[in-house]
Amino acid sequence: MTQGATAHDSRGRMPGQIKYIIGNEACERFSFYGMRNILVPFLISSVLLQYLPEGSEREAMAKEVFHSFVIGVYFFPLLGGWLSDRFFGKYNTVLWFSLIYCAGHACLAMFEGNRTGFFTGLFLIALGSGGIKPLVVSFCGDQFDQTNKDKAKVVFDAFYWIINFGSFFASLFAPLLLRHFGPAVAFGVPGVLMFIATVIFWAGRRQYVNVPPSGADPDSFMAVVRTALGPRGRGDGKGGTAIAWTGIAVAALMLALWALQALGIAVPWPEAFGFVITACLALGVLIAAVGVGASLQLERARGLHPDAAVDGVRAVLRILIVFALVTPFWSLFDQKASTWIIQGNAMVIPHDQWWWPSWLVKDAAQMQALNPLLVMLLIPFNNLVLYPALRAMGFQVTALRRMGWGIAFSGVAWIVAGVLQLWIDGGAEVSLTWQALPYLLLTFGEVLVSATALEFAYSQAPHAMKGVIMAFWYLTSTFGSLWVLLTNAGVRNDGFRALIAQSGMSEPAFLMFFFAAFAFVAAAAFALYARRYPMQDNYRVAT
């Protein structure tokens with residue numbers, strides 16, 4: 001159906017095709033969280049890692065695989081968004097990446113005992129899931145126009161609840177499938193759901209509004225940055241071009257050193273830094289150097305690009321600093337599906353207590369269901385109770401303050417987790433119930449950070465740059481998992497191991513307090529930057 005026909009036929013009403021998009025999202029989210037939340041427990045007990053001794057080494061490798069997977073999931077939105085905007089449009093890109101997604105699930109179910117096949121499946125899921133991640137919500141928004149835009153909020157609220165609803169039930173039931181039916185079924189069921197999600201999405205193909213790809217934008221974020229850093233004339237730069245090219249050279253050198261090391265050539269590059277760590281570090285250097293360089297010379301682009309585009313790039317570069325300071329939060333948050341599951345396996349499930357739902361909760365991995373459940377409770381509590389109470393006491397609940405406190409609360413959650421680990425290391429039988437407290441604190445931090453960050457970024461970035469901001473937001477999770485991989489690599493260093501030994505704590509307990517300190521440092525740096533951040537208001541003017 002053409003765009004014009006859809007707008008005419010659905011004037012003032014809820015677009016009928018929305019049911020296909022919502023149905024697709026419900027099945028896809030259960031599919032994703034179902035496989036994600038059992039990945040670490042499966043790897044620890046599977047034949048894939050049997051070449052490592054049981055215990056800390058195998059657990060560390062399971063964490064490394066998991067966080068490498070998360071890095072991919074939040075990196076590939078860059079690819080999906082670019083292909084959609086430049087060439088294929090949202091519908092085609094979502095459909096094709098969904099088929100890749102299905103193939104990945106099939107690999108997990110079929111190759112549970114084959115390392116190459118299983119890891120290929122993880123790569124395909126990261127590619128497929130990441131590829132569609134920035135597109136489904138915006139594709140849903142494309143189905144609305146000025147005549148029925150009031151219905152869009154209802155649908156976006158439904159999206160939010162569907163995501164948490166799917167995550168809640170996936171977190172509860174996927175570990176049970178793994179426990180009672182084995183990995184082929186536990187990974188196969190999410191695969192079937194992803195196939196159903198794809199079929200549901202395809203079924204609405206004749207009703208969708210398909211906004212054509214925009215193609216190359218001469219005033220895009222990258223176009224303005226290239227102009228700012230490109231040749232313009234002698235004496236009109238401020239060293240920005242040199243900084244950018246230095247960053248490019250350093251990033252290329254990092255990748256070259258890794259490649260030489262992979263070929264067995266002795267080079268000055270840490271052996272523990274595999275391709276994923278190296279590539280992420282190179283990407284970080286590249287973004288930082290080009291960003292700093294462009295900010296120094298951005299005025300060179302004025303006159304060759306509209307003022308709105310130049311000002312938009314400057315706004316994005318400021319927001320990137322905020323995003324960079326948020327990445328430590330994700331290093332703590334995503335470990336609830338790795339480090340906290342490993343800790344939970346060492347705790348006692350209180351089946352002997354009358355209040356414990358033994359008929360349902362039989363595995364430590366199921367504690368992850370607390371996160372989406374608490375999110376659904378905390379957001380209305382914050383909006384209806386907490387924030388109004390704070391305002392009544394004269395405290396301004398700004399977006400930046402919420403985000404800073406959210407990072408700090410994640411640090412508190414990890415202090416509590418560290419104390420629990422000390423009890424376990426001391427030989428105490430610690431009830432799994434105690435994990436509810438760090439989950440509550442971490443989820444409260446998530447609500448303050450994640451739900452607020454998109455609102456903040458939307459208000460700060462001009463309309464033409466909002467897509468760029470979304471792509472960079474996903475990268476905060478990529479770099480969050482990078483910090484975890486770097487820490488895992490550091491643990492293999494003799495000097496770091498000696499430091500842990502001197503502390504008198506076990507490695508898990510030491511790292512928990514380490515990540516808590518990391519969060520507090522990030523929160524302090526965030527607060528300092530927030531004080532001098534020039535707030536903007538880029539909501540569109542009502543018509």
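The dialogue below takes up the cores, the helices, selected residues and the aromatic rings in turn.

Mentor: Please note that this is a predicted model, in which local features need pLDDT of at least 70, side-chain atom pairs count only at pLDDT 80 or more, and totals for chains, interfaces and linings use all residues. Residues are numbered from 1 along each chain as its sequence is written, and side-chain values use heavy atoms, with hydrogens and water left out.

Trainee: Which residues touch the most other members of the largest nonpolar core?

Mentor: In soluble globular proteins, nonpolar side chains tend to be buried together. A nonpolar core is a set of buried Ala, Val, Leu, Ile, Met, Phe, Trp, Tyr and Cys residues joined through side-chain atoms within 4.5 Å. Buried means under 20% relative accessible area, exposed means over 50%, and partly exposed lies in between, for a 1.4 Å probe and protein chains only. Here the largest such core has 87 residues, and Ile407 and Trp414 touch the most other members. Helix α13 (residues 307-333) contributes the most, with 15 residues. A second, separate core has 61 residues, including Met35, Val70, Val155 and Ile162.

Trainee: What does isoleucine 407 touch?

Mentor: Contact means heavy atoms within 4.5 Å. Setting aside residues up to four places away in sequence, isoleucine 407 touches Leu325, Val326, Phe329, Val449, Ala519, Ala522, Ala523 and Phe526.

Trainee: How many residues does helix α20 have, and what span does it reach?

Mentor: Helices (H or I, at least four residues) and strands (E, at least two) are DSSP runs, numbered from the N terminus. The expected span of a helix is 1.5 Å times one less than its number of residues. Helix α20 (residues 507-531) has 25 residues and reaches 36 Å from its first C-alpha to its last, close to the 36 Å expected. Its buried residues include Phe510, Phe515, Ala519 and Phe526. The buried residues of α20 pack against α13, α14, α16 (399-425), α18 (466-491) and α19 (494-503).

Trainee: Which residues of helix α11 are buried?

Mentor: They are Gly240, Ala244, Gly247, Ala251, Met254, Leu257 and Gln261. Their cover includes α10 (221-229) and α12 (275-297). Helix α11 (residues 240-262) has 23 residues and reaches 33 Å between its first and last C-alpha, close to the 33 Å expected. Just after α11, glycine 264 takes a positive phi of about 90 degrees.

Trainee: Is serine 98 buried or exposed?

Mentor: Serine 98 has a relative accessible area of 2%, so it is buried. This residue lies in helix α5 (residues 77-110). A polar atom of its side chain lies 2.7 Å from the backbone oxygen of valine 94. Leaving aside neighbours within four places in sequence, serine 98 is in contact with Ile132, Met194 and Thr198.

Trainee: Why does serine 331 count as buried?

Mentor: Serine 331 counts as buried because its relative accessibility is 0%. Serine 331 is found in helix α13. Apart from neighbours within four places in sequence, serine 331 is in contact with Gly480, Trp483, Val484, Phe515 and Phe518.

Trainee: How many aromatic pairs does a search of the whole structure find?

Mentor: A pair of aromatic rings is described by the distance of the centres and the angle of the planes. Rings of Phe, Tyr and Trp (its six-membered ring) pair if their centres lie within 6.5 Å; planes under 30 degrees apart count as stacked, over 60 as edge-to-face and the rest as tilted. The search finds 41 aromatic pairs. The rings of phenylalanine 88 and tryptophan 96 have centres 5.2 Å apart and planes at 70 degrees, so this pair is edge-to-face. Phenylalanine 88 is partly exposed, with a relative accessible area of 37%, and tryptophan 96 is partly exposed at 42%. Tryptophan 340 and tyrosine 439 also form an edge-to-face pair, at 5.0 Å centre to centre and 75 degrees between the planes. This pair links distant parts of the chain, with tryptophan 340 in helix α14 (residues 339-345) and tyrosine 439 in helix α17 (residues 436-460), 99 residues apart. Both tryptophan 340 and tyrosine 439 are buried.

Trainee: Which residues do ring pairs link into a cluster?

Mentor: The cluster consists of Trp340, Trp414, Tyr439, Phe496, Phe510, Phe514 and Phe515.

Notes
A polar contact is a pair of N or O atoms within 3.5 Å; within protein, one must be able to donate a hydrogen and the other to accept it, and residues adjacent in sequence count only if both atoms are side-chain atoms.
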